[in-house]
Amino acid sequence: MLIHNEPEKGFESNRDEAYKTIWLFAMRHFPDMIGIAPRKEKGRPAPLIKEPNPWLWYQLASLAHKLGFQSPQTNKILASNPNLISARKFLSEYCRSSQVRLDQMETDGICEQFAAILGNVKQEERTQEIPIRFTTIESGEDVSRRSGRPFEKAQVSDKLLLSLPTVDKLEFVEKNEGITSLFVKCDFFSSFFHDSSCKRAGGPVFELFLENDTSDCSICDARTVDK
């Protein structure tokens, strides 16, 4: 059961905004959380399927908690040590590949030291602002790339920008303008949550039409309509 309480100081928002914030976190990081890779770009190797990253799951649970959400799953994750989980995984793979045997006491000691080192590593802060572009003078994101799992290039380029402030900046585009993959993601997100705040009267708007079974995102079709 998911419970919503008062958010922590500095994370105040209404429940809908908090819920959307968690969704956007998942959209940014899903390839590193659930073992599903982005789609392959033409002429490039297929992206590797990664094992779930315990740090990202911890960050998601921590974000949910700060926004006021609580559940048995988030409490369990927050009670864990993602650095220790990563250390144990690394040491296990190293011992298996190198045919090294360690007893439990040695394993625990090495993992605790490694986890402590990981805990002292500081995350790199973004110092340069990335411009938000919803349109392009080129042809834009092809219709064949607008549904289903994101392609690798689009996922990498858009993940740093997917946030509520970015979604709130979404506005209509002219018919002769090409739309970017970021526009597609933000428009899908707004349509999924039935958020019409980005729609401006008097011009054509790109909307997502979900045909038949709306639980399958692979059938999403982006079209241009006149309001």
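Setting aside neighbours within four places in sequence, I find L182 in contact with I132, R133, F134, D158, L161, L162 and T166. The model I am reading is a predicted one.

I located L182 in helix α8, which covers residues 181-192. I then looked up its burial: L182 has 2% relative accessibility and therefore counts as buried. I also checked L182 against L170: the two are 12 residues apart in sequence, and their C-alpha atoms are 9.8 Å apart in space.

Next entry, cysteines. How many disulfides does the structure hold? I count 0 disulfides. I looked at C95 for a reason. The closest cysteine sulfur to that of C95 belongs to C111, at 8.5 Å, which is too far for a bond. Is C95 buried or exposed? C95 counts as buried because its relative accessibility is 14%. I looked up C186 as well; its relative accessibility is 0%, so C186 counts as buried.

Last entry, the surface. I noted a nonpolar patch formed by F90, Y94, V100, L102 and I110. Together these residues have about 420 Å² of accessible area. V100 counts as partly exposed because its relative accessibility is 32%; the partly exposed class lies between under 20% for buried and over 50% for exposed.

Key
Residues numbered from 1 in each chain as written. Predicted model: local features only at pLDDT ≥ 70, side-chain atom pairs only at ≥ 80, totals over all residues. Heavy atoms only, no water. Patch = residues over 30% accessible without salt bridge, like charges linked within 9 Å, V, L, I, M, F, W, Y side chains within 5 Å. Areas by Shrake-Rupley, 256 points an atom, 1.4 Å probe, with all protein chains shown as cover. Salt bridge = Lys/Arg side-chain N within 4 Å of Asp/Glu carboxyl O. Buried < 20%, exposed > 50% of the residue type's maximum accessible area, 1.4 Å probe, protein only. Disulfide = S-S within 2.5 Å. Helix = DSSP H or I, 4+ residues; strand = E, 2+ residues; numbered from the N terminus. Contact = heavy atoms within 4.5 Å.
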